[in-house]
Amino acid sequence: MKWRQVFPWLFFALLLTIPCASSSQSRDPAKIRKVAILPFLIHSQENLDYLREGIYDILSSRITVEGKITVVERSIVERALYEEKPMRLDETVAKNIGMRAGADYIVLGSLTKIGDYISLDARLISITEEKPPLTAYTQHKGIEDVMLKIGDFAQDIGYKILGRRAVAGRPTEPRHPYIVKPKREIGRTSPEGIAFKKSQTFNFEIKGLDIGDVDGDKKNEIVIMDRNNLYVFKYDGERLSLLQKIEAGSHHNFLTLDVVDVNRNGYAEVIVTSVVEDDLRSLILEYEEGKLKKITEKEGWYFRVLEHPKEGPILMGQKMGSEGIFVGPIYKFIWAKKSFEKGPKMDFPKGTNIFGFTLADIRQSGKPEILLLDEKFNQLKILSQDGKELWRSRERYGGTNNYYETSKKKADAFRPTDSPPWRVYIPSRILVRDLYGDGVKQVIMNKNYSSWGTFERLRTFDSGEIQCLVWEEDGLVSEWKTKELKGYISDYQLRDADNDGEEELVVALINYSESNILGSKGNSQILFFKLF
């Protein structure tokens, strides 16, 4: 049957089966948001105007929420497009057209057909508020899945604008048998789940892990690091395939890894904080001419990417002081044509360290607060932007065995000539997500356990779990957690690792035998959890 004949029935089915966004959860009940929809660009040797029309019909019907969201009349958008007379259609031009049309948001995108395959690339851009774009990308053989993606994208637009996922709500149980509710019996699992997937075993210890679109193909890669090497993998849902290995040299001690498109050029940068002997030698890599190349190296900065609640990902930097530890203010780094350069000082309380903190409105107070790990006790704290402590956990989180040594700082208990190198431990990352699309943020943290205990110069962990925390009344409480995993959780991330459109919890786990837990190196695996 011809697609032209199938399409009307497919479109009608979409209208019937995709649930409408509820109008009951608006952040500002009195305001009606206006959305302008630009005609999608079509790249094909065939005449696919009927698809453009179908996309518009699906978007306009699914976005509209009575009394909350309205779609700007098509004739007004076309007139604004005519008045703008753009040579090309990018985000800046789209915003200008949206302002002409009196819209709060604007939707633009393209459809490309090569052979039997059709790809969709769509974006929602906020015009009147500072919000990161909402994007949708998919590629399929035939149009059914592409048009379903359009329906999902339209629904996500409603969630994005209204600020919560009104229909789906919170699932009563995770579907995964290795995800358990703390208030329920540990080990009681959902019958619908399947066990987590494991990667092949690596004969080295994974120190860091992150996920991003490294090569610009709109599909994520998994990047891991050991002490001084980087590995870039493709993951097909079953096995990791190595694309590239980057060797930095045995003198490096890699500490942290971020894989994020900070400069917004379509390629995720690979950002590594590294120490060589007693100095910082950090590096940044980007994909050029078919492989990752260093665009910054031997940098004397600790680097970390902050997922800013308003600005999106920001590259931060902090200096090493005379005692070999973090010192001074944290700076925002700015992309300047070919490299990142130090920008303005960021407004954090004095003494804030670049690792083990983030910004988020955890308590639903209406403004971002600082969430950080206490250096001494590994307790989770919430601070106001001026540094006032608002809450502190009783339990410990974020413990790692990731450290470097410096001879610049001396322990008080030793004479300077006898003092061993000072160990500086790097806390784990803090992830904040709105997992259910309801405007309530969750905090995802690791919790490693030691049967030996931890000491100032010796940390050993033989099991761990990932916990999801949510604010309830007067504190963060555990909403769910993974089952306790045998081994040491060295890093973790929550992103779409297998490019199926759903985020997975991805965990790097180091395994030790009982005979070598106090000394020899272990091996590693990556675990993939489907949360819901």
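## Salt bridges and an open sheet

In this predicted model, the side chains of Lys 293 and Glu 289 meet in a salt bridge, with 2.5 Å from N to O. Lys 293 has a relative accessibility of 25% and therefore counts as partly exposed, whereas Glu 289, at 73% relative accessibility, counts as exposed.

A salt bridge also links the side chains of Glu 369 and Arg 363, where the N to O distance is 2.7 Å. Here Glu 369 counts as buried, since its relative accessibility is 3% and buried means under 20%, while Arg 363, with 28%, counts as partly exposed.

The structure holds 33 salt bridges, and one of them is formed by the side chains of Asp 210 and Arg 429, at 3.9 Å from N to O. Asp 210 belongs to strand β9, whereas Arg 429 sits in the loop between β27 (422–425) and β28 (431–433), so this pair ties together parts that lie 219 residues apart in sequence. Asp 210 is buried, with a relative accessible area of 0%, and Arg 429 counts as buried as well, at 8% relative accessibility.

| Salt bridge | Distance, N to O |
|---|---|
| Lys 293 and Glu 289 | 2.5 Å |
| Glu 369 and Arg 363 | 2.7 Å |
| Asp 210 and Arg 429 | 3.9 Å |

Four strands form an open sheet in the order β9-β10-β11-β12, and their pairing is antiparallel. Why is one side of β9 and of β12 left without a neighbour in the sheet? Both β9 (208–212) and β12 (240–247) stand at the edges and each has a single partner strand, so one side of each remains without a neighbour there. Neighbouring strands of this sheet are turned against each other by 20° on average, with direction ignored.

Within this sheet, strand β11, which covers residues 229–235, runs antiparallel to β12 and is joined to β12 by seven bridges. As for the residues of this pairing, Tyr 231 has Lys 245 in β12 as its bridge partner.

Methods
Residues are numbered from 1 along each chain as its sequence is written. This is a predicted model: local features need pLDDT of at least 70, side-chain atom pairs count only at pLDDT 80 or more; totals for chains, interfaces and linings use all residues. Side-chain values use heavy atoms; hydrogens and water are left out. Two strands pair if DSSP finds at least two bridges between them. Helices (H or I, at least four residues) and strands (E, at least two) are DSSP runs, numbered from the N terminus. Axes are lines fitted to C-alpha atoms, for helices over the stretch in contact, and angles run from 0 to 180 degrees between N-to-C directions. A salt bridge is a side-chain nitrogen of Lys or Arg within 4 Å of a carboxyl oxygen of Asp or Glu. Buried means under 20% relative accessible area, exposed over 50%, partly exposed in between (1.4 Å probe, protein chains only).
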